[in-house]
Amino acid sequence: MEREKALELVKRQLTDHRYEHTLGVVDTAVKLAEHYNADKKKAEIAAIFHDYAKFRPKEEMRQIVRDNQMPLDLLEFGTELLHAPVGAYLVEREVGIYDQEILNAIRYHTTGRPGMNLLEKIIFIADYIEPGRRFPGVEEVRQLAFENLDKACTQALKNTMQFLMRQNQLIYPLTVDTYNDFISTIKKREET
Ligand code: DGI
Ligand code: FE
Ligand code: FE
């Protein structure tokens, strides 16, 4: 799909602020794809659509989770998690994107998952470091992103979990699994 067509389709789904965030994610994801020799076109499309479902009514998202064999525990960990898997579903159904790599990058952009591939890591980290992001610790992850993508993901996950814990929020088990997977992968790599 052409960039301009994709942007037009997603703009209608988002607020102006969230659209600006999306443009930042696109720019960052394409730069990371260039840097790490990933598929730039897939990175661009995944970034454009990563928050496609962000403003769907909560009940519609819950219904989509229940009706489509998505993990039911998603419903117990707060509504913020739903837009990622529901986004992957809607981008396939409403936009007609069938590329599983793109859909998985959207599906796992909030929690990550163990064994993430390059495209998934790029979207995950581009979402975290795009120029509009201003939270504590983001500068460190911005630096790491172009030096060591796995360490950048680990740090982003750590920051997110610390943020959630400070607010007494639930941490979704997949987020913890992703963090552990990065830690053990990095450990093994440094031992050899
Ligand atoms: O959609 P964005 O705001 O661009 O970013 P995102 O998709 O990473 O979503 C961030 C939100 O998701 C933020 O409010 C924290 C929340 N979140 C991320 N991981 C978890 C989580 N919420 C819970 N309850 N558990 C998690 O593991
Ligand atoms: Fe998101
Ligand atoms: Fe986002």
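**Figure 1. Gln69 in the loop between α4 and α5.** Gln69 sits in the loop that runs between α4 (58–67) and α5 (83–95); helices here are DSSP runs of H or I with at least four residues, numbered from the N terminus. The structure is a predicted model, in which local features need pLDDT of at least 70 and side-chain atom pairs count only at pLDDT 80 or more, while totals for chains, interfaces and linings use all residues. Residues are numbered from 1 along each chain as its sequence is written, chains are lettered from A and ligands numbered from 1 in the order in which they are written, and side-chain values use heavy atoms, with hydrogens and water left out. Although Gln69 is not a glycine, its phi is positive, at about 55°. Most residues other than glycine have a negative phi. With a relative accessible area of 73%, Gln69 is exposed (exposed means over 50% relative accessible area, buried under 20%, and partly exposed in between, with a 1.4 Å probe and protein chains only).

**Figure 2. Asn168 in the loop between α9 and α10.** Asn168 is located in the loop between α9 and α10. Asn168 is not a glycine, yet it has a positive phi of about 55°. Its relative accessible area is 74%, and therefore Asn168 is exposed.

Figure 3. The 12 residues of α7 should span 16 Å at 1.5 Å a residue, and the end C-alpha atoms are 16 Å apart, which agrees; the expected span is 1.5 Å times one less than the number of residues. At the N-terminal end, Asn117 caps α7, with a side-chain oxygen 3.2 Å from the backbone nitrogen of Leu119. Of the 12 residues of α7, 11 are buried, among them Leu119, Ile122, Phe124 and Tyr128. The buried residues of α7 pack against α2, α3 (40–49), α6 (100–107), α8 (138–145), α9 and α10 (173–191).

**Figure 4. Two buried charged residues, Glu120 and Arg18****.** Glu120 belongs to helix α7 and is buried, with a relative accessible area of 2%. Apart from neighbours within four places in sequence, Glu120 is in contact (heavy atoms within 4.5 Å) with Asn104, Ala105 and Arg113. Arg18 lies in helix α2 and counts as buried at 13% relative accessibility. Leaving aside neighbours within four places in sequence, Arg18 contacts Asp51, Lys54 and Phe55.

**Figure 5. The largest pocket.** The volume of the largest pocket is about 900 Å³. A pocket is an open set of points, on a 1 Å grid over the protein atoms alone, where a 1.4 Å probe fits, with protein on both sides within 12 Å along at least five of seven lines; lining residues have an atom within 4 Å of a point. Grid points are joined across faces, edges and corners, and the volume is the space filled by probe spheres set on them. Of the 30 lining residues, Glu80, Thr110, Thr160, Phe163 and Leu164 lie nearest the centre. Helices α2 (16–35), α7 (118–129) and α9 (149–166) each supply at least two residues of the lining, and α9 gives the most, with 7 residues. By class, the lining has 11 nonpolar, 12 polar and 7 charged residues (Ala, Val, Leu, Ile, Met, Phe, Trp, Tyr, Cys and Pro count as nonpolar, Asp, Glu, Lys and Arg as charged, and the others, Gly among them, as polar).

**Figure 6. The second largest pocket.** The second largest pocket holds about 150 Å³ of space. Its lining includes Met70, Pro71, Arg107, Tyr108, Thr110 and Tyr172. The lining residues divide into 9 nonpolar, 2 polar and 1 charged.

Notes:
A polar contact is a pair of N or O atoms within 3.5 Å; within protein, one must be able to donate a hydrogen and the other to accept it, and residues adjacent in sequence count only if both atoms are side-chain atoms.
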